[in-house]
Amino acid sequence: MDCVFCAVVAGTESAHLVLDDEAAVAFLDRRPLFPGHVLVVPRAHHHTLADLPAADVGPFFLRVQRVAAAVEHGMGAAGSFVAANNRISQSVPHLHVHVVPRNPKDGLRGFFWPRGKYPDEAGAAEVARRLRAALEGL
């Protein structure tokens, strides 16, 4: 399998590394929203968050947490945006978390897409019920 993020982890693809340890590798996004936009990937290849073994979730997200703090501090940002796509809009099929420095009036709006509302409380309750049922089945 050809995975550019696996190649970065292996050191065969160049990247500007920010963190490299036993759980994760973090490096600058080649097409950043803002300078300091970092991608954090688990060392092992997993397509999505659901594929990441439960034992690896905590260690991986501790690295995401540290990188988010470093991005804010190192870039002098007022905050950060932390997000991961699962399959849809996931440009590289290797789990990766975006950590983006944010500042007031930086030009980004919301979650980059239009937000809506549930039609009513019953509609919201039905969605919550479906998700609880899905959780019970996992």
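**Strand pairing, helices and aromatic pairs in a predicted model**

Strands S1 and S2 are joined by a hairpin of three residues. The model is a predicted one, in which local features require pLDDT of at least 70 and side-chain atom pairs count only at pLDDT 80 or more, while totals for chains, interfaces and linings use all residues. Residues are numbered from 1 along each chain as its sequence is written, and side-chain values use heavy atoms, with hydrogens and water left out. Helices (H or I, at least four residues) and strands (E, at least two) are DSSP runs numbered from the N terminus.

S1 (residues 17-20) and S2 (residues 24-28) run antiparallel and are connected by three bridges; strands are taken to pair if DSSP finds at least two bridges between them. Asp20 has Val25 of S2 as its bridge partner.

Helix H2 spans residues 54-75, 22 residues in total, and extends 32 Å from its first C-alpha to its last, close to the expected 32 Å at 1.5 Å a residue. The expected span is 1.5 Å times one less than the number of residues. Phe60, Arg63, Val64, Val67, Ala68 and Val71 of H2 are buried. These residues lie on the same side of H2, because they cover an arc of only 145° around the axis, the arc being that of the directions from the helix axis to the C-beta atoms. Buried denotes under 20% relative accessible area, exposed over 50%, and partly exposed in between (1.4 Å probe, protein chains only). The face turned away from the buried side of H2 carries the exposed residues Ala55, Gln65, Arg66 and His73. The buried residues of H2 pack against S1, S2, S3 (38-42), S4 (79-83) and S5 (97-102), where contact means heavy atoms within 4.5 Å. Gly76, with a positive phi near 65°, follows H2.

Two aromatic pairs are found in a search of the whole structure. Rings of Phe, Tyr and Trp (its six-membered ring) pair if their centres lie within 6.5 Å, with planes under 30 degrees apart counted as stacked, over 60 as edge-to-face and the rest as tilted. Phe5 and Phe27 form an edge-to-face pair, at 5.4 Å centre to centre and 65° between the planes. This pair links distant parts of the chain, with Phe5 in helix H1 (residues 4-10) and Phe27 in S2, 22 residues apart. Phe5 is buried at 7% relative accessibility, and Phe27 is buried at 4%. The rings of Phe60 and Phe61 are also edge-to-face, with centres 5.2 Å apart and planes at 85°. Phe60 is buried, with a relative accessible area of 1%, whereas Phe61 is partly exposed at 30%.
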